[in-house]
Amino acid sequence: MIAARAFRSVVLTLGLLAGLATTATARCEDWVPQPKPQNASRDIVGQELDVILDRGWIEFAVFDDYPPYSFEEGGQPRGIDIDIGKLIAEDLGVAPRFKLVAAGENLDADLRNTLWQGPVVGGAVSNVMLRVPYDSAFTCRVEQVVFTGQYQTEGIAIAYNKAAYPEEKPVPAYFRFDTVAVENDSIADFYLTSLAGGQLKDNIRRFPDMTQVMAALAAGEVKAAMGPKAQLEYGLTDDLAVHQPPLPGFAVGNWTIGLGVNFRYRPLAYAVDDAIYAALSDGRIAAIFESYGLSFTPPER
């Protein structure tokens with residue numbers, strides 16, 4: 001699943017690096033600027049806020065085939081990020097348009113292709129990219145993008161069959177004996193494979209995407225599943241539950257999700273951030289998660 005590969009690369013880049021700077025004043029002091037990549041010409045770069053308002057629409061880049069965040073249903077885009085894009089557009093007084101994009105090999109490639117340079121073959125960049133993991137150290141070196149509009153805290157969790165664990169909820173140590181499903185080459189896969197000197201590896205069952213992970217759990221092929229909490233919750237049945245236990249040895253089990261905007265268009269970035277802040281404050285974003293049957297953890301602002 002291409003979108004899931006992007007998610008994995010993003011979190012490996014941002015979340016599994018221990019010892020990142022922890023204060024705003026110190027986070028960039030050791031960064032040595034590198035030669036900047038050649039910026040794209042203005043004819044394929046996202047438009048300024050005034051242009052967006054005049055033409056009457058704004059385009060959001062979202063990952064394709066990535067439920068519950070963004071996917072197509074009946075030929076129409078659906079998902080949490082689609083609904084968040086719609087509320088931003090409504091706040092600006094323009095129509096939303098969505099470009100479902102294939103993920104690159106890492107977050108740098110995603111931002112380059114969708115926001116400031118464009119894909120290698122054909123196509124222009126979008127005005128806003130949704131579902132961008134935020135990390136303060138990463139912003140030091142990606143100067144072509146403004147990271148703003150943080151709207152969710154995501155994290156790794158464990159889903160399980162309630163009949164298999166009637167008393168105690170499973171933790172990673174249980175998987176020395178019990179089977180657990182993960183998305184192939186995901187951070188959950190890497191984490192469990194390396195835990196306890198590899199003692200869990202024989203009980204890990206790998207699937208191409210989280211939809212198949214949760215289908216295997218629902219069918220009783222495994223006792224538990226591990227991955228992003230929202231994707232686990234989206235696949236729950238009445239026989240299943242999910243929780244977030246402590247994860248020993250995991251550098252970052254939770255991370256913040258926000259937006260990216262081309263660095264040339266800060267007024268747009270400010271307007272988008274204002275729209276997200278208002279929707280967090282009045283409960284509209286929480287209501288979007290609830291409409292998909294998901295719990296919601298707001299970002300720290």
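Student: Before we start, what should I know about the model and the numbering?
Tutor: It's a predicted model, where local features need pLDDT of at least 70, side-chain atom pairs count only at pLDDT 80 or more, and totals for chains, interfaces and linings use all residues. Residues are numbered from 1 along each chain as its sequence is written, and side-chain values use heavy atoms, with hydrogens and water left out.

Student: Okay, helices. Which residues of α10 are buried?
Tutor: In α10, residues 284-291, the buried ones are I285, I288 and F289. Buried means under 20% relative accessible area, exposed means over 50%, and partly exposed is in between, using a 1.4 Å probe and protein chains only. Helices (H or I, at least four residues) and strands (E, at least two) are DSSP runs, numbered from the N terminus.

Student: And where do those buried residues sit around the helix α10?
Tutor: Looking down the axis of α10, they fall within an arc of 95°, so they line one face of the helix. That arc is taken from the directions from the helix axis to the C-beta atoms. On the other side of α10, E290 and S291 are exposed.

Student: What covers the buried residues of α10?
Tutor: The cover includes α3 (80-92), β6 and α9 (266-281).

Student: Let's look at α3, then. What span should its 13 residues have?
Tutor: At 1.5 Å a residue, α3 should span 18 Å, and its end C-alpha atoms are 19 Å apart, which agrees. The expected span is 1.5 Å times one less than the number of residues. Buried residues of α3 include I84, L87 and I88. Just after α3, G93 takes a positive phi of about 80°.

Student: New topic: how many residues are in the largest nonpolar core?
Tutor: It has 71, and those with the most contacts inside it are I58, I84, I88, L111, L192, M226 and L268. Domain 1 (47-152 + 252-290) and domain 2 (154-241) both give residues to this core, so it lies between them. A second, separate core of 13 residues includes A157, M214, A225 and L240. A nonpolar core is a set of buried Ala, Val, Leu, Ile, Met, Phe, Trp, Tyr and Cys residues joined through side-chain atoms within 4.5 Å. The domain bounds come from an automatic or database domain assignment.

Student: Now strands! Which strands pair with β11?
Tutor: Strand β5 (residues 128-134) pairs with β11 in the antiparallel sense over six bridges, and β6 pairs with β11 in the antiparallel sense over eight bridges. Two strands pair if DSSP finds at least two bridges between them. V128 stands opposite V261 in β11, while the bridge partner of E154 in β11 is W255.

Student: Is β11 itself mostly covered or mostly open?
Tutor: Mostly covered: seven of the nine residues in β11 (residues 254-262) are buried.

Student: Last one: is T179 buried or exposed?
Tutor: T179 is buried, with a relative accessible area of 18%. T179 lies in the loop between β6 (145-161) and β7 (180-183). Not counting residues up to four places away in sequence, T179 touches N203, R205, E221, V222, K223 and A224, where contact means heavy atoms within 4.5 Å.

Student: And how far apart are E221 and T179?
Tutor: They're 42 residues apart in sequence and 8.4 Å apart in space, C-alpha to C-alpha. E221 is exposed, with a relative accessible area of 52%.
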